[in-house]
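Subject: The structure for you to look at

Hi,

Here is the structure I said I would pass on. Have a look at it first, then read my notes below.

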Amino acid sequence: MYKKQMTMQRVLCLAAIFVSAAVFLYALGIMTDLYDSLYSTMRNPNDLFQTDVPGSIVYYNMQEFNRVFLVYSIGLILLALLLFVTNTHTRRRYYIANYISTIAYAVGGVAISIFGHVYIEIFKGQFLQVDFAALKEHADMWGTLYTESTFWFDLHYAVFALVLVVSVLLVANMIWKVSLMKQEAKLVEEGRAAA
C-alpha cells in the first residue's frame with residue numbers, strides 16, 4: 001500500500017509544479033488579445049476616456065489585477081517548489097515541514113483560484129460591454145485585431161479547476177499517508193508486544 005501512496009505522492013508533487021506553471025503562463029497570456037485589439041483605441045493614454053471604442057477602458061482596468069495575478073502565480077510556483085525542498089515527493093514518513101508545505105500549497109491553490117475567478121468574471125463582464133461595432137470599424141481602419149472572443153477569460157475555468165484538483169488530491173494524499181503511518185505504528189507496537 002505504501003508503494004501506491006508513494007507513487008501518487010510523487011505524481012501529485014510534479015502535477016503541482018505543472019499546474020502552477022500553467023497558472024503563470026495563463027497570467028502572462030490573459031491580456032494578449034486585449035492588448036492587440038484595445039490598446040490602440042485609446043487616443044490619449046493620459047485621459048483614458050478619449051477612446052475610439054467605448055468600453056475599451058477594460059484593458060487599463062485589468063492592468064493592476066494582472067500585475068498582482070502574475071505575482072501570485074509566481075508565489076504558487078514557489079509553494080510547489082517547497083514540496084520538493086521539503087522532500088514531500090520522496091518521504092516515506094511525513095514530518096512537520098511536509099505537512100506545512102502540503103497545506104500551504106493547497107491553501108495557496110484555493111486562494112489564487114478564488115481571487116482569479118472573482119476578478120476575471122468582473123473583467124469579462126466589462127469586456128462584453130465594449131462597443132464591438134466601433135471596435136470592428138477601428139480594426140478595419142487601422143489593421144488591428146478584432147475579436148469578440150472571451151476565450152482568455154473562459155480559460156480560467158480549466159486552469160483553476162486543475163489547481164483545485166491538485167490541491168484537493170495533495171490533501172487527500174496527506175490524509176492517506178497519515179492513515180498508513182498510523183497502521184504501520186500499530187503493527188510495530190503489536191510486534192513489540194508479541195516479542
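What follows is a walk through the helices and a few of their residues.

Some housekeeping before that. This is a predicted model, so local features need pLDDT of at least 70 and side-chain atom pairs count only at pLDDT 80 or more, while totals for chains, interfaces and linings use all residues. Residues are numbered from 1 along each chain as its sequence is written, and side-chain values use heavy atoms, with hydrogens and water left out.

Helices here are DSSP runs (H or I, at least four residues), numbered from the N terminus.

**How the helices pack**

Let's start with helix 1 (residues 2-29) and helix 4 (residues 96-127), whose axes come within 12 Å and cross at roughly 25 degrees. An axis is a line fitted to C-alpha atoms, for helices over the stretch in contact, and the angle runs from 0 to 180 degrees between N-to-C directions. Helix 1 and helix 4 are therefore roughly parallel to each other; that label is for angles under 35 degrees, with over 145 counting as roughly antiparallel. Their crossing is left-handed, meaning that the near helix is turned anticlockwise from the far one by less than a right angle.

Which residues of helix 1 and helix 4 meet? From helix 1 they are Ala16, Val19, Ser20, Val23 and Tyr26, and from helix 4 Tyr105, Ile112 and Ile120. Contact means heavy atoms within 4.5 Å. The residues of this contact divide into seven nonpolar, one polar and no charged. For those classes, Ala, Val, Leu, Ile, Met, Phe, Trp, Tyr, Cys and Pro count as nonpolar, Asp, Glu, Lys and Arg as charged, and the others, Gly among them, as polar.

Helix 4 also crosses helix 3 (residues 58-85), at roughly 165 degrees, with axes that come within 10 Å. That makes helix 3 roughly antiparallel to helix 4. The contact of helix 3 with helix 4 has 19 nonpolar and eight polar residues, and no charged ones. This crossing is left-handed too.

Then there is helix 6 (residues 151-194). The axes of helix 4 and helix 6 come within 9 Å and cross at roughly 160 degrees, which makes helix 4 roughly antiparallel to helix 6. In the contact of helix 4 with helix 6, 20 residues are nonpolar, seven polar and three charged. Left-handed is the word for the crossing of helix 4 and helix 6 as well.

**Helix 5 and its two sides**

Where do the buried residues of helix 5 (residues 132-142) lie? They are Phe132, Ala134, Leu135, His138 and Ala139, and seen down the axis of helix 5 they fall within an arc of 150 degrees, so they line one face of the helix. The arc is that of the directions from the helix axis to the C-beta atoms. Buried means under 20% relative accessible area, exposed over 50%, and partly exposed in between (1.4 Å probe, protein chains only).

The buried residues of helix 5 pack against helix 2 (32-38) and helix 4. Turned away from that buried side is a face with the exposed residues Ala133, Glu137, Asp140 and Met141.

Tyr26 is found in helix 1 and counts as buried at 2% relative accessibility. Its contacts include Phe69, Ile120, Trp152 and Val159, not counting residues up to four places away in sequence. Tyr26 and Val159 are 133 residues apart along the chain, with their C-alpha atoms separated by 7.8 Å.

Thr102 lies in helix 4 and is buried, with a relative accessible area of 1%. Leaving out residues up to four places away in sequence, Thr102 touches Leu83, Thr88, Tyr94, Leu170, Val171 and Met174.

Tyr99 lies in helix 4 and is partly exposed, at 23% relative accessibility. With the residues up to four places away in sequence left out, Tyr99 touches Tyr94, Met174, Val178 and Met181.

Asn87 has a positive phi of about 60 degrees although it is not a glycine, and at 30% relative accessibility it counts as partly exposed.

Cheers

Technical notes
Parallel < 35°, antiparallel > 145°, perpendicular 65-115°, else oblique.
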